[in-house]
Amino acid sequence: RSFTSNSSSRSLNSQSQAVKWYPGHYYHVMGGDLTVNSYVMKEAYNEMNAPDSGIAGIQLRLSWKDLEPTEGNYTSGYKIIDDHLSKLAITNKKLFLFISHKGGVAPDYLKTNSIYEGGVYYFTSSINTSVFSESAKFWNPFVRNKFVDLIKALGNRYNSNLNFVGL
């Protein structure tokens, strides 16, 4: 592994396992319409790109369902990420991606294919004993492997992009 702390000399070398290291403040955005031209994202970009904002980039929280709406199909997720990376590259800002897997955001195919045993489990809160939310059944090896497949696909596509700094 190799890395430098000098932001102007960071690069990935296919010969080594370089570490992407971009400390700083990141604008965290989650929920709603997270496409580049949505009202929320326009506001985030305006604030981030203001003079002396000190914001290094965006932390974007997308749902598993947004990234993989149908089994093995990552095209719509790639589009969202690619659009953000294109916009961020203009000002050399960074993208850190979070993937939500609880709260009703698991792909529907997990719930309908028996190999995934329903794909999600439901839980309640101590205050509200009716169904509170759901989360992916990661103890099911088939569910877990589908999530790993998503992570691998994202890593293969974006690891060499210096504006994509984490997952």
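A residue is called buried when its relative accessible area is under 20%, exposed when that area is over 50%, and partly exposed in between (1.4 Å probe, protein chains only). The model is predicted, so local features need pLDDT of at least 70 and side-chain atom pairs count only at pLDDT 80 or more, whereas totals for chains, interfaces and linings use all residues. Residues are numbered from 1 along each chain as its sequence is written, and side-chain values use heavy atoms, with hydrogens and water left out.

The structure contains nine aromatic pairs, a pair being two rings of Phe, Tyr or Trp (its six-membered ring) with centres within 6.5 Å; planes under 30 degrees apart count as stacked, over 60 as edge-to-face and the rest as tilted. Tyr109 and Tyr116 are paired edge-to-face, at 5.7 Å centre to centre and 70 degrees between the planes. Tyr109 is buried, with a relative accessible area of 9%, and Tyr116 is also buried, at 4%. Tyr121 and Trp139 form a tilted pair, with 5.2 Å between centres and 40 degrees between planes. Tyr121 is partly exposed, at 31%, while Trp139 is exposed, at 56%.

The charged end of Lys87 lies over the ring of Tyr45, 5.0 Å from its centre, and that of Lys94 over the ring of Tyr22, at 4.5 Å.

How values were computed:
Lys NZ or Arg CZ within 6 Å of the ring centre and 35° of its normal.
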